[in-house]
Amino acid sequence: MESICAKFVSQKISKTRWRPLPPGSLQTPETFATGSWDNEDNYVSLWSIGDYGNLDSDGGFEGDHQLLCDIRHDGDVMDLQFFDQERIVAASSTGCVTVFLHHTNNQTLSVNQQWKTAHHHTNPSGPVYRGAPCTGIVCDNPEIVTVGEDGRINLFRVDHKETVRTIDNADSSTLHAVTFLRTPEIVTVNSIGQLKIWDFRLQGNEPAQILSLNGDRVPLHCVDRHPNQQHVVATGGQDGMLSIWDVRQGTMPVSLLKAHEAEMWEVHFHPSKPDHLFTCSEDGSLWHWDASIDMPEKSSLFHQGGRTSTFLSHSISNQANVHQSVISSWLSTDPAKDQIEITSLLPTRTLSVNSLDILGPCLVCGTDAEAIYVTRQLFS
Amino acid sequence: MEELDGEPAVTLIPGVNPKKQICFDWGPGEMLVCETAFNKKEKSEMVPGCPFIHIIQKDVDVYSKILRKLFNESHGIFIGLQRIEEELTGKSRKAQLVRVSKNYRSVMRACMEEMHQVAIAAKDQASGRQFSTQVSILSAVELIWNLCEILFIEVAPAGPLLLHLLDWVRLHVCEVDSLLADVLGSGNPSKHESFWNLVTILVLQGRLDEARQMLSREADANPASADMCRILGDLMRTMPILSPGNTQTLTELELKWQHWREECERHLQDNTFAASPALESLCKIMLGDEAALLEQKELLNNWYHFLVTRLLYSHPTVKPIDLHFFAQSSLDMFLGGESSPEPLDNILMAAFEFDIHQVIKECSIALSNWWFVAHLTDLLDHCRLLQSHNLYFGSNMREFLLLEYASGLFAHHSLWQLGVDYFDHCPELGRVSLELHLERIPLNTEQKALKVLRICEQRQMTEQVRSICKILAMKAVRNNRLGSALSWSIRAKDAAFATLVSDRFLRDYCERGCFSDLDLIDNLGPAMMLSDRLTFLGKYREFHRLYGEKRFSEASSLLLSLMTSQIAPRSFWMTLLTDALPLLEQKQVIFSAEQTYELMRCLEDLTSRRLECEEPNAQKLQDDDIETTKVEMLRLALARNLARAIIREGSLEGS
């Protein structure tokens, strides 16, 4: 099994993100950013897992991640995204969105751009702004899209102080996460179990499409898009359920997979091996879902601690017209034939695993037990 | 009340004049203090005092960054310990408990290590000293824990007991290793100024193999004493000791040991080492000569080292039950009446006396936070050593200490999540304490609220779930986020609040003529049944949708049923009837004759009631004007519709 390395960092970690590698690079990632929450002082920090020239003199062993630099952040870090190699965008519980710049020459972080009241509640009795937590960010150079508890969607350009576009009252409930579908289109998830697709080319404040979980209106907390097949979207809900959606058809998820016992905080497709999916949850678990279908008789090769998923509903209908080879393994899952193999990655149950990120063979996650876990051999 | 165990410590609050009256209020982990002028009659003394309210924290260690790691890591170990199967008995259980104890200690040592590094790297002296103090506290705590592990958890019998104690001393008196490296690193070890000190320490700690190697170096460097060194070295080599794998009985060991001891004595009487005072002193030490041992006070450092060395060379098969006797005499001899025992000495002495309660009590008094006593007590409780002891307050001691510790965690801005699990494992008062604490967590984001809600829901704390959802719903209303507010009241199953929010929606509709938050209202589903008003809101919106989709007959029966079933609030009937107007005016007949009668009855019902409770005023009169026109129009439309309906129904039946 992969070796996973834990480090206690004296702050509750809300987000962990790998720094993207330069295009075409064959390196393994060696820097990641974290954000903390619920501390009296919160920080955005950068960590290195590389050796970085210092000869581990103070007893640190190989693989232990070292702090490179950090900077105070006003409010909880609600979301964190790398904008490019040097810039990190952070969402705050105060409603502020900040772009931090990493100076590699002297290892410091500084504020590069800031939108102070990106998200706020309007006071019915006057023009007093009350900050509303910004809950999600997605970046696509040069654009930054943010969503918040105020149900607002903002579109920023990194070098513009003004908001490029704002959709007020985009949602009557809290928006929990956002991601790009195709460039001018984004998808948001909210606290009443809806997935909304927005097209910035359209005027007006109405979504282009609404998809929803039927019945219980279970809040959705996270969303990720399949890296190659832009119509395949995965979401995680308050009941720990993983839903796979095909946004081209239907208004309901293609499959619902019973997963964690509590809120699923993040879901990520592996960026280069999209048959692998990773989820983490409030129940303190971190799971690796493997839907690669090249392994015959997979059931005999179960990892220890692995389990088979249960399919609750299967509403895919008209697949006949879609060529078999282009169907993502996430959509074609037939409960009788293929099984998704699930492996738990953390050695012991801990407090909530709030965030995870994967890049190449590396995975990083952060917990409320104030530990950061890193593994560099995901597929060994 | 029991009597006080010691003088309470005095805390000076900077900025507060101790001559003035101060008042205070207790909080869970802290205290509020401010100046007051209670009951002072002469007003002339009303000098403006200190304008601040001070927050006094009881447990400052919680705020140390490094100790936070200790709290977090030990939380994991604690949870693991609670899961140890109760069925496990005998050896496997004991082995598990010892492993848990060692895990706790290794976390403490890791913290100590880091604190030590920080103390060295500290830029200013004051903070360096502060860290050094914490290192010494941690090291004392670990020392106590280790001794408790040997005596209470490991429960080593005579023989192995001494080996454990030797390890204990070696672990905590570790300056010798750096000295060893220093001496060996020098060009000529035997000429090093600390050479004999080093050899003596090695002998005092029972590290005879290493001592022998040192002696052989001395023999090489100094041929005159080579013989003596060889003889003493042989004595060291032949000293019988109990090794873990050895099967020999204690009696055999004692017999061999007596023989060896006689040989040592003979050498001493023969003045074999007369030429070298250092070697002679070593030989005396190996005979357990107390005077010779006490000469090495400096090297022994403390009385418990003295105790263990003394036992090693005079009572190697000491029984646990006799320990306290040797401990007491060692302490007395070592201090020699010059100084009085310190808290640490008392704690260790209590442990040697196997008085667990005394150990815990002394530790509680001496240490500034509950981490140590709570975890140690819990572990000892799992060893089933504390069951008989009940306090005259609360429940048992384990639970009392865990509650204290967990409350301390809850007082902290971010460590509260750890506290939850500690409360969970307090069977008697844990749940109520947790309930009280959870209600008081400040909720600045929904995400945090969700985490608290999850904790409540997992424990079926319905009352707390309701109250948290209500707080969030209230916040949302204040922020003008009606959709959010409705979601939260649905989650709380709070019918009254759902009614309130629904009314706000309806009012907004009346003002603006359109609905907001359709994404929510259109998808209420079964949640609509929560309150009548919410049902009405959902149904009324459904009417509008049907109307928009031109499904007029469905729309009209829905509209009518809203009034006849009394779901619609009477204040809203006029709006509903007005909504019926365009339906009445459609080309085809939508309301049947019977339905029209119903509508008319509703209208008359409404107007007659209005007349009953009339109170004329200017505004009202103007409103009434509009109202009267509306009623007139409605009556006209109803009458026309009725006529058309009767004709249509009559002709349909006729055909």
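This is a predicted model: local features need pLDDT of at least 70, side-chain atom pairs count only at pLDDT 80 or more; totals for chains, interfaces and linings use all residues.
Glu185(A) belongs to strand E17 of chain A, which covers residues 185-190. Setting aside neighbours within four places in sequence, its contacts are Phe180(A), Ile197(A), Trp198(A), Asp199(A) and Arg201(A).

Let me turn to another strand of chain A. Strand E3, residues 31-36, has six of its six residues buried, and it is therefore largely enclosed by the rest of the structure. Which residues point to either side of E3(A)? Thr31(A), Ala33(A) and Gly35(A) point one way, while Phe32(A), Thr34(A) and Ser36(A) point the other way, and all are buried. In general, side chains in a regular strand alternate between the two faces of the sheet.

E3(A) has pairing partners that we can follow in turn. Strand E2 of chain A, residues 13-18, is joined to E3(A) by five bridges, and the two run antiparallel. Within this pairing, Lys15(A) has Gly35(A) of E3(A) as its bridge partner. E3(A) also pairs with strand E4 of chain A, residues 42-48, again in the antiparallel sense and over five bridges. Here the bridge partner of Phe32(A) is Trp47(A) in E4(A). The hairpin of E3(A) and E4(A) has five residues between the strands, and Asp38(A) takes a positive phi near 60° in this hairpin.

Further along chain A, we come to an annotation from a record. In the model, the span 257-290 of chain A is 53% strand and 0% helix, and its end C-alpha atoms lie 13 Å apart.

The next topic is charge pairing. Side chains of opposite charge can pair when their charged atoms come close. How many salt bridges are there over all chains? The count comes to 52. One of them lies in chain A, where the side chains of Asp246(A) and Arg248(A) meet at 3.1 Å, N to O. Asp246(A) is buried, because its relative accessible area is 0%.

In chain B, Arg207(B) and Glu210(B) form a salt bridge, with 3.0 Å between the closest N and O atoms. Is Arg207(B) buried or exposed? With a relative accessibility of 13%, Arg207(B) counts as buried, whereas Glu210(B), at 26%, counts as partly exposed. Asp209(B) and Arg212(B) also meet in a salt bridge, at 3.5 Å, N to O. These two residues are three apart in helix H7 of chain B, residues 208-221, so about one helical turn separates them. Arg212(B) has a relative accessibility of 26% and therefore counts as partly exposed. Elsewhere in chain B, a network of salt bridges links Asp522(B), Arg541(B), Arg545(B), Glu549(B), Arg551(B) and Glu554(B).

I close at the surface of chain B. Which residues form a nonpolar patch there? They are Leu32(B), Ile53(B) and Ile55(B), which together have about 300 Å² of accessible area. Ile55(B) lies in strand E3 of chain B, residues 53-57.

Technical notes: Residues are numbered from 1 along each chain as its sequence is written. Chains are lettered from A and ligands numbered from 1 in the order in which they are written. Side-chain values use heavy atoms; hydrogens and water are left out. Patches are made of residues with over 30% relative accessible area and no salt bridge: like charges are joined within 9 Å, nonpolar side chains (Val, Leu, Ile, Met, Phe, Trp, Tyr) within 5 Å. Accessible areas come from the Shrake-Rupley method with a 1.4 Å probe; for residues, only the protein chains shown count as cover. A salt bridge is a side-chain nitrogen of Lys or Arg within 4 Å of a carboxyl oxygen of Asp or Glu. Helices (H or I, at least four residues) and strands (E, at least two) are DSSP runs, numbered from the N terminus. Buried means under 20% relative accessible area, exposed over 50%, partly exposed in between (1.4 Å probe, protein chains only). Two strands pair if DSSP finds at least two bridges between them. Contact means heavy atoms within 4.5 Å.
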